[in-house]
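Reader: I've got a chain to look through and some quick questions. Can you walk me through it?

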Amino acid sequence: MKHCPRLVGERTRCQAVQAENVTVLEGGTAQISLPPAELRWINRGYPESPPADALLQRHASGPYPSFSPTLLSMQMSQDNKALKDDRFQMVLFTPRLVRITLTNVSVSDEGGYFCQLYTDATHHQVATLSVSVPPETPTVEVKQEAVEGGEVELSCMSPRSKPAATLRWMRNGRAIPGVVSQQDNAKTFSVSSTIRIPVERKDNGAALSCEASHPALSGQKRIRHYRLDVYFAPTVRIVPPPGIMREGDSLSLTCSVTGNPLPRNIQWSKINDTLPERAEISGPTFQISRLSQLHNGTYLCQAQNNFGRAADHYTLLVYDNVSVTTTVPPTPTTQPITSHPVTPTLLTLVFASDPKEPGAVVETHSAVPYAVIGGVLALLVFTVICVLIVTIWCSVRQK
């Protein structure tokens, strides 16, 4: 389109001026440049007062020296609606170009803009303003809780963007395919991506992320991190004390509990009996001081949450503090060739600890009958000597 400023008594001079389309981020400032339609410089014979419905008024000091200051009246419009918002400001005015700024732009400001003078000419060019709305950091909503052995359903949502944002689920650097849905909210879009994945106990605490991409982010991404919260039934294990328990010792048991959610209450009990009076319970710890054989029995630790119950037991066997020693008398011998005394054998019973059978009794011998072994060896030597003597004698006689 050609823009032709005309002066009174002179020929029209035409110049090609094009309107500029503008794209700006929501909340930013837009600069809209467009040529006035049939812009005229008016001489002083024009009425001093502009039309009553003129929107913008500006006294131009005349950038061209051949003209005197004049009063100019014109109208800036958006889609045939006059601009009456204080956010609009004129920052440049020449016979060839009018430029306005619009601050704090919103999607409602989108549309075509043109400048029209109050003359008999109605031709004008339209500058289109487009507003881009980048997404905020997406949110994650749990549609279905993660329970061990089941599936978890997660939805990543970007409630507002223009154009529509692109969402993607990631885990350990790999994309997880999701079901994407998009809704048109007049001039903006809401987008969601939903995934369903199987979960086990080992997946508790696993890291996932939802990424939002958009042209207005210049290659950057808005990322929401999420950690899986997998619910599972508790496990219980009693940590036994080292060694065996004797009368007068102190017993301390620890109940190691896992689960999600972690059980708050841990219950200690004694099977087929009540807990001893001297028993002290502090959370997962169970203690008995000055043990006696009256404390023998099986003790139980139990824990539960909303997804199950678990228990473990420990059998206590308290032994006397006295060792048992038995002396075995020497066995008499009638062989005259054995002149060495027989050393008595000392048999000692030692109480040992076995993880599977606490308090097992192991029999050991602390002495070895070395005299008996020596006698047997002497008899063997005597026999060998006799055989050698007989062999030599036989050889001599044959000669």
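Reader: Start with Asn-260. Buried or exposed?

Author: This is a predicted model, so keep that in mind. Asn-260 counts as buried, because its relative accessibility is 13% and the cut-off for buried is under 20%.

Reader: Which strand is Asn-260 in?

Author: Strand β23, which covers residues 251-260.

Reader: And what does Asn-260 touch, leaving out residues up to four places away in sequence?

Author: Asn-204, Asp-229, Val-230, Tyr-231, Phe-232, Asn-305 and Phe-307. With Val-230 there is a polar pairing too: a polar atom of the Asn-260 side chain lies 2.5 Å from the backbone oxygen of Val-230.

Reader: New topic. What is the strand order in the open sheet of 3 strands?

Author: The order is β24-β27-β28, and the pairing is antiparallel. At the edges sit β24 (266-270) and β28 (308-316), each pairing on one side only. On average, neighbouring strands in this sheet are turned by 20° against each other, direction ignored.

Reader: How many bridges join β24 to β27?

Author: 5 bridges, with β27 spanning residues 297-305.

Reader: What holds strands together in a sheet, in general?

Author: Strands of a sheet pair through backbone hydrogen bonds, in parallel or antiparallel fashion.

Reader: On to β9. How many of its residues are buried?

Author: 4 of its 5 residues are buried, so the strand, residues 98-102, is mostly covered.

Reader: Which strands are joined to β9 by bridges?

Author: β4 (residues 30-34) is joined to β9 by 5 bridges, running antiparallel. β8 (residues 88-93) also has 5 bridges to β9, again antiparallel.

Reader: Where do I find specific partners in β9?

Author: Leu-34 has Val-98 as its bridge partner. Phe-88 has Leu-102.

Reader: Salt bridges next. How many does the structure hold?

Author: 12. One of them is Arg-87 with Asp-109, where the closest N and O atoms are 2.9 Å apart. That pair links distant parts of the chain, 22 residues apart: Arg-87 is in the loop between β7 (81-82) and β8, and Asp-109 is in the loop between β9 and β10 (111-117).

Reader: Are Arg-87 and Asp-109 buried or exposed?

Author: Arg-87 is buried, and Asp-109 is buried as well.

Reader: What does Glu-110 pair with?

Author: Lys-162, in a salt bridge with the closest N and O atoms 2.6 Å apart. The two are 52 residues apart, with Glu-110 in the loop between β9 and β10 and Lys-162 in the loop between β14 (151-161) and β15 (166-171). Both Glu-110 and Lys-162 are buried.

Reader: What about Glu-148? Which side chain does it meet?

Author: Arg-201, in a salt bridge at 3.2 Å, N to O. Glu-148 lies in the loop between β13 (146-147) and β14, and Arg-201 in the loop between β18 (188-198) and β19 (207-213), so the pair ties together parts 53 residues apart in sequence.

Reader: Why does Glu-148 count as partly exposed?

Author: Because its relative accessibility is 33%. Arg-201 counts as partly exposed too, at 28%.

Reader: Which residues are joined into one network by shared partners?

Author: Glu-151, Glu-153 and Arg-196, through salt bridges that share partners.

Terms used. Residues are numbered from 1 along each chain as its sequence is written. This is a predicted model: local features need pLDDT of at least 70, side-chain atom pairs count only at pLDDT 80 or more; totals for chains, interfaces and linings use all residues. Side-chain values use heavy atoms; hydrogens and water are left out. Buried means under 20% relative accessible area, exposed over 50%, partly exposed in between (1.4 Å probe, protein chains only). A polar contact is a pair of N or O atoms within 3.5 Å; within protein, one must be able to donate a hydrogen and the other to accept it, and residues adjacent in sequence count only if both atoms are side-chain atoms. Contact means heavy atoms within 4.5 Å. Two strands pair if DSSP finds at least two bridges between them. Axes are lines fitted to C-alpha atoms, for helices over the stretch in contact, and angles run from 0 to 180 degrees between N-to-C directions. A salt bridge is a side-chain nitrogen of Lys or Arg within 4 Å of a carboxyl oxygen of Asp or Glu.
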